Amino acid sequence: MNEWQALVIHWDTLGTFFVSVAKKTVNRLEFRPRTTSVYLVEEIDSTRFIADGWSDVLEAVHPGLVEVRRTGSTAPVTLLFDAREAYDHGDADAESNMQQLKADGTLDDAVKGCCLIAASEFDPESQKAFMRAASYGKSFCGNVYARELTADFCTAVNKLRVLNSLRHPSVGIPLTSTQYDRLTPTIIVQRLCACKQHFLAAKICQRLGTSNATVLSHWAYMKMATTRRLSDRELCTVICRVFDANNAAVSYASVARQAHELGNRDLAIMLLQHETKLDEKVGLLLVMDDFGRALQVAVGSHNSDHL
């Protein structure tokens with residue numbers, strides 16, 4: 001039986017209880033101030049508590065963290081974490097721990113373990129402590145694992161920055177590391193766009209090195225659909241300026257098509273003037289029944305296929 005199998009039960013009159021199936025124990029959980037309206041939501045790796053004015057997450061502690069905190073542990077991740085703390089305090093035990101890890105050939109596993117533990121933590125200070133330990137261990141690795149460990153380290157850093165941004169109260173998406181991996185950054189960015197958090201979504205794309213075209217395209221659509229104070233020319237100028245500032249690989253024809261679907265023909269034509277792909281420009285002009293301008297663009301392209 002899995003030692004993490006458990007039940008979380010809540011009664012408005014009695015409180016919340018944690019029932020360990022493997023250990024056959026029952027413990028009362030004391031969370032925030034008691035309220036009469038508490039809802040439990042089952043997640044893939046945790047249980048989420050939602051109440052009036054607060055929410056919380058209950059998840060299993062990462063096994064590596066359990067090992068680090070266990071008294072007398074000699075696990076590789078424990079030795080590396082202790083070595084970093086000893087190094088910070090000028091203790092010679094840091095060198096002996098690192099020599100033991102290198103002799104056992106477990107230094108790379110210890111570095112990866114620290115990265116995984118850091119990603120599972122919600123507390124920023126604890127995250128920093130384990131990432132410092134991973135960075136310290138990485139500097140002792142040879143050329144064989146250096147590139148792989150550097151990639152793992154950078155992945156953990158980027159994940160933590162994204163997770164901490166999502167957990168900020170102004171965003172309110174407190175994902176766990178497992179949920180982040182299951183959703184994937186693509187779905188997370190889509191959800192941020194649906195919540196009108198386009199700036200953060202674009203920053204995440206920049207951090208992860210992915211295209212921000214979807215984010216900016218959705219932002220442009222929302223801008224066109226909700227803006228009433230700007231003229232069509234001013235709105236076109238704003239959209240083009242944002243696209244240029246973010247080096248967006250967004251098709252102006254697709255944004256112009258959105259403007260046309262919103263009933264703003266004049267804005268659609270203005271946006272099409274910035275489209276460099278003539279086939280898409282001609283195609284949309286035909287959809288808009290603007291045959292004269294479509295013919296003019298086709299003739300100006302000197303391409304018989306457009307004609």
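How accessible is Thr-184: buried, exposed or partly exposed? Thr-184 counts as partly exposed, because its relative accessibility is 33%; buried means under 20% relative accessible area, exposed over 50%, and partly exposed in between, with a 1.4 Å probe and protein chains only.

This is a predicted model, in which local features need pLDDT of at least 70 and side-chain atom pairs count only at pLDDT 80 or more, while totals for chains, interfaces and linings use all residues. Residues are numbered from 1 along each chain as its sequence is written, and side-chain values use heavy atoms, with hydrogens and water left out.

**Stop 1: positive phi**

Keep Thr-184 selected. The residue lies in helix H7; helices (H or I, at least four residues) and strands (E, at least two) are DSSP runs, numbered from the N terminus. Thr-184 is not a glycine, yet its phi is positive, about 75 degrees.

Select Lys-24 next. Lys-24 also is not a glycine and has a positive phi, of about 55 degrees. Look for Lys-24 in the loop between strand E2 (15-20) and strand E3 (25-29). Lys-24 has a relative accessible area of 75% and is therefore exposed.

Then go to Gly-209, which follows helix H8 and has a positive phi near 75 degrees. Helix H8 itself covers residues 198-208, and its buried residues include His-198, Leu-200, Ala-201, Ala-202, Ile-204 and Cys-205.

**Stop 2: salt bridges**

A salt bridge is a side-chain nitrogen of Lys or Arg within 4 Å of a carboxyl oxygen of Asp or Glu. By this rule the count comes to six.

- Arg-70 and Glu-67: their side chains meet in a salt bridge with an N to O distance of 2.4 Å. Arg-70 is partly exposed at a relative accessible area of 44%, and Glu-67 counts as partly exposed at 23%.
- Asp-88 and Arg-84: the N to O distance in this salt bridge is 3.1 Å. Both residues lie in helix H2, four residues apart, about one turn of the helix. Asp-88 is partly exposed, with a relative accessible area of 45%, whereas Arg-84 is buried at 17%.
- Asp-181 and Lys-159: the closest N and O atoms of this salt bridge are 3.0 Å apart. The pair links distant parts of the chain, 22 residues apart, with Asp-181 in helix H7 (residues 177-194) and Lys-159 in helix H6 (residues 143-167). Asp-181 has a relative accessible area of 46% and is partly exposed; Lys-159, at 11%, is buried.

**Stop 3: two helix pairs**

Select helix H2 (residues 76-88) and helix H4 (residues 107-120), whose axes come within 8 Å and cross at roughly 80 degrees. H2 is therefore roughly perpendicular to H4. Angles under 35 degrees count as roughly parallel, over 145 as roughly antiparallel, 65 to 115 as roughly perpendicular and the rest as oblique. To see the contact (heavy atoms within 4.5 Å), show Pro-76, Val-77 and Leu-80 of H2 with Leu-107, Ala-110, Val-111, Gly-113, Cys-114 and Ile-117 of H4. Axes here are lines fitted to C-alpha atoms, for helices over the stretch in contact, and angles run from 0 to 180 degrees between N-to-C directions.

Now switch to helix H11 (residues 252-261) and helix H13 (residues 278-287), which pack at an angle of about 10 degrees with their axes 10 Å apart. H11 and H13 are therefore roughly parallel to each other. On the H11 side the contact is made by Ala-253, Ala-256, Arg-257 and His-260, and on the H13 side by Glu-280, Leu-284 and Val-287.

**Stop 4: around H11**

Glu-261 lies in helix H11 and is exposed, with a relative accessible area of 60%. For a distance check, pick the C-alpha atoms of Glu-261 and Gln-190: the two residues are 71 apart along the chain, and the atoms are separated by 21 Å.

Move to His-274, in the loop between helix H12 (265-272) and H13. Leaving aside neighbours within four places in sequence, His-274 is in contact with Cys-236, Cys-240 and Tyr-252. His-274 counts as partly exposed at 38% relative accessibility.
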